[in-house]
Amino acid sequence: MIAIAAACSASSFAQAPAAVDTQLAFSHPNQMVDIGGRRLNLYCSGSGTNTVIFDSPSGMAGWVWYAVQPEIAKQTRACIFDRAGLGFSDPAERPNISENVVEDLHAALGKAGIAPPYVLVGNSFGGGNIQLFTYRYPNEVQGLVLVEAQHEDEMDRINVVSKGKLKEMNAMQAEYSKTCATQSEKGFAPGSELFTNCTGGFQPQFGRALNAAYLASLTSPAYWRARNAEEDAFETSNAQLRAARRPFGDLPLMVLTRGVSPYAIPGKPQSELNKATEKENFIIQQEMAALSTRSTQRVVPGAGHIIQVDKPQAVIKAIKDLLAQIKP
């Protein structure tokens, strides 16, 4: 779900497996691509006929794919990027609505000389962005992997079955994000309650260099401006995806769906509202899978909304299985 990425990022990261040395590549700017007076951070490694491009959940930089991208790069070229104002990318005067993200990414790939065909992988908000990219540039995309991807109507549909709880939670999250933004202007005191709640604090699965980059980003005013503008514009992004929506034809498509509810309280019985929410989420994901005649939907046991962190091997396998369907 779109908003869960913001609300649950710290807990999802905390459950991740131990870090590996390849994460060092995510701890500093890589290829800073000028797309017209500002730069987008792009990191690619590996080589192959197809290039796999990753887009991240709302408010998250490309380093959320640290456990997946290096494994895919062993088979083909794999690239992460930071949306404007996130990670190492320069901020933009406009918000990261989906059409702007698609425009930025397409421009960066062109300027960097990274030619299609592309396989696009996106989680949550990033999953909505890569769907819109596919609609805008259908001849450049050879496959999609939707990881708990955004659907244009999911916010309203989940809100109905949760009897208004989703929008209530999102409103609380938005208000707290404003508090974090205000504090970022003043400066966070390391170890304080606001520091921990706004950033998630030190991430045990990250090495020293990536932790330093992660915390530097999440304590900066520029990050909170970009993040809040991105989330404030969700309805606009949904409208853009809704207007573009049509079947994907026979495009190879993988849909990964969470097996663990991000709303469940550990150790407590699942409520009826929670069951209804998870049922509707599955149906929405199922509907996205039905958009292609060459699709597979997989429920990932033990994974919440940020599947690439909770169960990276499931995402790696899905990408490799999809690549196997594409003719060289």
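**Disulfides and overall form**

Guide: The disulfides of the chain follow the pattern 1-2, 3-4, where bonded cysteines are counted along the chain; a disulfide here is a pair of cysteine sulfur atoms within 2.5 Å. This is a predicted model, in which local features need pLDDT of at least 70 and side-chain atom pairs count only at pLDDT 80 or more, while totals for chains, interfaces and linings use all residues. Residues are numbered from 1 along each chain as its sequence is written, and side-chain values use heavy atoms, with hydrogens and water left out.

Visitor: Which parts of the chain does the disulfide of C44 and C79 tie together?

Guide: The sulfur atoms of C44 and C79 are joined at 2.0 Å. Helices (H or I, at least four residues) and strands (E, at least two) are DSSP runs, numbered from the N terminus. Because C44 lies in residues 39–45 and C79 in residues 77–81, the pair ties together parts that are 35 residues apart in sequence, namely strand β2 and strand β4.

Visitor: What is the handedness of the disulfide between C180 and C198, right-handed or left-handed?

Guide: C180 and C198 form a disulfide with their sulfur atoms 2.0 Å apart. C180 belongs to helix α6 (residues 165–186) and C198 to helix α7 (residues 193–199), so the bond ties together parts 18 residues apart in sequence. The torsion about the S-S bond of C180 and C198 is about -85°, so this disulfide is left-handed.

Visitor: Is C44 buried, partly exposed or exposed?

Guide: Buried means under 20% relative accessible area, exposed means over 50%, and partly exposed lies in between, using a 1.4 Å probe and protein chains only. C79, at 0% relative accessibility, counts as buried, and C180 and C198 are buried too. For C44 the relative accessible area is 25%, which makes C44 partly exposed.

Visitor: What radius of gyration does the chain have?

Guide: The radius of gyration is taken over C-alpha atoms, and the globule rule is 2.2 Å times the number of residues to the power 0.38. With 328 residues, a compact globule would have a value near 20 Å, and the chain agrees with this, at 18 Å.

Visitor: What percentage of the contacts in the chain between residues at least 6 apart in sequence join residues at least 24 apart?

Guide: The chain has 13 helices and eight strands, and contact means heavy atoms within 4.5 Å. Among contacts between residues at least 6 apart in sequence, the share that joins residues at least 24 apart is 77%.
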